[in-house]
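Me: I want to learn how to read features off a model. Can we go through one together?
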Amino acid sequence: MPQKSGGKKKVSSIKSEYDGIKFDSQLEVYCYKKLKEFNIDFKYTETTFTIIEGFKCTGDSYEADKRKGSGLYLKSKSLQSLKYTPDFIVSGKFNAIIETKGLANELWPLRLKLFKKYLTDNNLKYDIYIPHNHAQVNECVQMILNKNNEKEN
């Protein structure tokens, strides 16, 4: 359920535990169960991609800082890496990424676009599935099974 926090939407989900694994949402648990049910080889949140390496900005950047009050303040020139950890990575006859998204936050579309560029630039071949509900998880799993069967023939 999205909540407003200072004019921005905050996306919250119900954390769950299953098979001794802590999941960020119940949709992730559902997807995990479906992948196991159909014996699809996958890993859950084990791979992190560095989309953009950290760097030092060449110019100065003056920005607002609520902790310091009103006004503009010099920010650090060091910027952290931008990373992305998919929910599930499927391996086998082809590679796929499944990112379950009940409700996406406002940064998700940009992160996805940058991630697709990263995959393209690094010649990494993954099919990407982004189910938002149980029916779409079921469809995603069926598409993966169909693709695996195609690769066998």
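Me: Which strand is L79 found in?

Reply: This is a predicted model, so keep that in mind throughout. L79 belongs to strand β10, residues 78-79.

Me: Is L79 buried, partly exposed or exposed?

Reply: Read the relative accessible area. Under 20% is buried, over 50% is exposed, and partly exposed lies in between. L79 has 40% relative accessibility, so it counts as partly exposed.

Me: Now contacts across the sequence. How far apart are Y118 and I52 in sequence and in space?

Reply: Compare two separations. Along the sequence, Y118 and I52 are 66 residues apart. In space, their C-alpha atoms are 8.3 Å apart.

Me: Where does Y118 lie, and what does Y118 touch?

Reply: Y118 sits in helix α2, which spans residues 108-121. Leaving out residues up to four places away in sequence, Y118 touches F49, T50, I51 and L124.

Me: On to charges. How many salt bridges does a search of the whole structure find?

Reply: The idea is a distance test: a side-chain nitrogen of Lys or Arg within 4 Å of a carboxyl oxygen of Asp or Glu. Eight salt bridges turn up in the whole structure. One of them pairs K15 with D24, with 3.6 Å between the closest N and O atoms.

Me: Which residue forms a salt bridge with D60?

Reply: K77 does, and the closest N and O atoms are 3.1 Å apart. The pair links distant parts of the chain, 17 residues apart. D60 is in the loop between β7 (55-56) and β8 (62-65). K77 is in the loop between β9 (69-74) and β10.

Me: Are D60 and K77 buried, partly exposed or exposed?

Reply: D60 is partly exposed because its relative accessibility is 47%. K77 is partly exposed because its relative accessibility is 34%.

Definitions and conventions. Residues numbered from 1 in each chain as written. Predicted model: local features only at pLDDT ≥ 70, side-chain atom pairs only at ≥ 80, totals over all residues. Heavy atoms only, no water. Helix = DSSP H or I, 4+ residues; strand = E, 2+ residues; numbered from the N terminus. Contact = heavy atoms within 4.5 Å. Buried < 20%, exposed > 50% of the residue type's maximum accessible area, 1.4 Å probe, protein only.
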